[in-house]
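Notebook, opened with the model on screen.

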Amino acid sequence: MIKRKLVLSFPEKTVTKPIIYKLVKEFDLEFNILRAEITPDMEGKMLIELKGDKQRIDNAVIYLSENNVTVQEAAKDIIVDRDICIDCGACTSICITRALTLDKKTFKLDFDKDRCILCELCIDSCPVSAIKVNM
Ligand code: SF4
Ligand code: SF4
């Protein structure tokens, strides 16, 4: 029995398909949706934890890929280095879950870890490399 935390990205045409339902039913895995978000252009992102037999999880990942779902191993943590950050806000427009926002009063970056789905999209958006991933 193993556990894997994965970030799933659903393109627009798959968002409404019962892919997750089939994943649970056909692969006999314990399944925990930690966070989920659908963007305005209908792309879906989901942070999940799968628990079960390793081979079944590997098969489930293949099933997801075959259904056009991009699967990536979730980072353990996202870290914003406040000593480097210049509060430019560039990362806030990339972050679909609004884990990264600029405080309306102070114009300083706020990072709400509870909203972060570990998708890592923000990392390349930072001009000073203040966002780092802890694997
Ligand atoms: S990894 Fe970055 S872009 Fe993705 S949800 Fe977390 S803070 Fe937002
Ligand atoms: S893009 Fe980088 S420097 Fe700009 S607010 Fe985000 S973390 Fe800070």
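I count a contact when heavy atoms lie within 4.5 Å. The model is predicted, so I took local features only at pLDDT of at least 70 and side-chain atom pairs only at pLDDT 80 or more, while totals for chains, interfaces and linings use all residues. Residues are numbered from 1 along each chain as its sequence is written, ligands from 1 in the order in which they are written, and side-chain values use heavy atoms, without hydrogens and water.

Cores. I took a nonpolar core as buried Ala, Val, Leu, Ile, Met, Phe, Trp, Tyr and Cys residues joined through side-chain atoms within 4.5 Å, buried being under 20% relative accessible area (1.4 Å probe, protein chains only). The largest core has 20 residues, and Leu-100 and Ile-131 touch the most other members. Leaving out residues up to four places away in sequence, I found Ile-131 touching Ile-78, Ile-79, Val-80, Cys-91, Leu-100, Cys-122, Ile-123 and Cys-126.

Ligands. I listed residues with a heavy atom within 4 Å. Around ligand 1 I noted, among others, Ile-78, Leu-100 and Cys-122. The residues around ligand 2 include Cys-91, Cys-126 and Ile-131.

Aromatics. I found 1 aromatic pair (ring centres within 6.5 Å; planes under 30 degrees apart are stacked, over 60 edge-to-face, the rest tilted). Phe-27 and Tyr-63 are tilted, at 5.4 Å centre to centre and 50° between the planes. Phe-27 sits in helix α1 (residues 19-27) and Tyr-63 in helix α2 (residues 54-66), so the pair ties together parts 36 residues apart in sequence; helices are DSSP runs (H or I) of at least four residues. Phe-27 and Tyr-63 are both buried.

How values were computed. Buried < 20%, exposed > 50% of the residue type's maximum accessible area, 1.4 Å probe, protein only. Phe/Tyr/Trp six-rings, centres within 6.5 Å; stacked < 30°, edge-to-face > 60°. Helix = DSSP H or I, 4+ residues; strand = E, 2+ residues; numbered from the N terminus.
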